[in-house]
Amino acid sequence: MKYIDCENCDTKANPFNTTIGIAGKVYCDNCIEASFPDKKVPEGVTIEKHIDSTVCAFCSLDNGEVDLDKIAEYPVCANCAVNIKNRAFPLWVKGFLAFIAAVVLFSVIWNWRFYQGYQYVIQTKESIEAGNIPLTAELFAKAAAKVPEQKDLKTLYHYYNGLNLLIFDKAKEAYSELSFCSVLPLDYNVEYYKTLAQRNMYYNDKDYLRFLNTSLQMWYGDTTNAEANAFVASAYSCLYVTEGHDSLKTKAEQYLTKAWALDATPEAAKYYRMVEYRLYAKQIVTMEEFTKKYPNGWVKPL
């Protein structure tokens, strides 16, 4: 993980990902809140979100001083890169794109715009294989604008734009985009991503009962999935902190134990430790807050 000093209050060694550059000056979290309490920056002022090339943008894995490979401009660990390609880009998508390309190419003799749309579709093949979700969404948007009668192109734009928004925790916007994608085949996992967006929305809104219900809905889809078990444990931990019932803590621990048994990799363990910390400290923290507080990890005291 990289660290940087705040140039506003002179605090030292702030995690690079938690700072923002405003008008060429580095601000830490506290200074951002103090200087811009309404979260509005004056017009004309440049804002730069700092991205730590050694920390995974998806699971927050700390890769020490070694830069991670990137998908688009975002650093991604090997495990997340595999998950993205396996979930977001099923193999048969290439065949579906070939069909769309053939339809567009057939029409090129009638209008130049069809040829332009075809070129954009061809480029999506490379962006999909590279795992570049933002570029894929942009290319489908351009293709759809050239050939609006091909409704599938607009649908695929909504899909990839929804995935991009979901990755960066813009849950409401992601859910809205994915709602246009119900016509896509099951291989696209649209309902899974919509449920994930709803889950994140409820967490952000502190509606922890609905947060639990959507987490359980995902768990019912695959009870042997470590991530699904961890999601349910996370939801129960939030309810335990807010309601204080020991039965909720027990439930959280049960699902967390299942998650540990299914996947004990360092990437997964970091999330589990965050849930354990909630139960121990009776405090709801995000992964970002947990990592900032315990950059070297945390283990429950004996």
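Q: How many disulfides does the count come to?
A: Zero disulfides, taking a disulfide as a pair of cysteine sulfur atoms within 2.5 Å. This is a predicted model, where local features need pLDDT of at least 70, side-chain atom pairs count only at pLDDT 80 or more, and totals for chains, interfaces and linings use all residues. Residues are numbered from 1 along each chain as its sequence is written, and side-chain values use heavy atoms, with hydrogens and water left out.

Q: Is Cys-181 buried or exposed?
A: Cys-181 counts as buried because its relative accessibility is 0%. Buried means under 20% relative accessible area, exposed over 50%, partly exposed in between (1.4 Å probe, protein chains only).

Q: And what does Cys-9 count as?
A: Partly exposed, because Cys-9 has 35% relative accessibility.

Q: Switching to Asn-229. Where is that?
A: Asn-229 sits in helix H10, residues 226–243. Helices here are DSSP runs (H or I, at least four residues), numbered from the N terminus.

Q: Buried or exposed?
A: Asn-229 is buried, because its relative accessibility is 0%.

Q: What is Asn-229 in contact with, leaving aside neighbours within four places in sequence?
A: Trp-219, Thr-223, Thr-224, Tyr-255, Lys-258, Ala-259 and Leu-262. Contact means heavy atoms within 4.5 Å.

Q: Which helix gives the most to the lining of the second largest pocket?
A: H12, with four residues. Helix H12 spans 266–281, and helix H13 (287–293) also supplies at least two lining residues. Lining residues have an atom within 4 Å of a point of the pocket, an open set on a 1 Å grid over the protein atoms alone where a 1.4 Å probe fits, with protein on both sides within 12 Å along at least five of seven lines.
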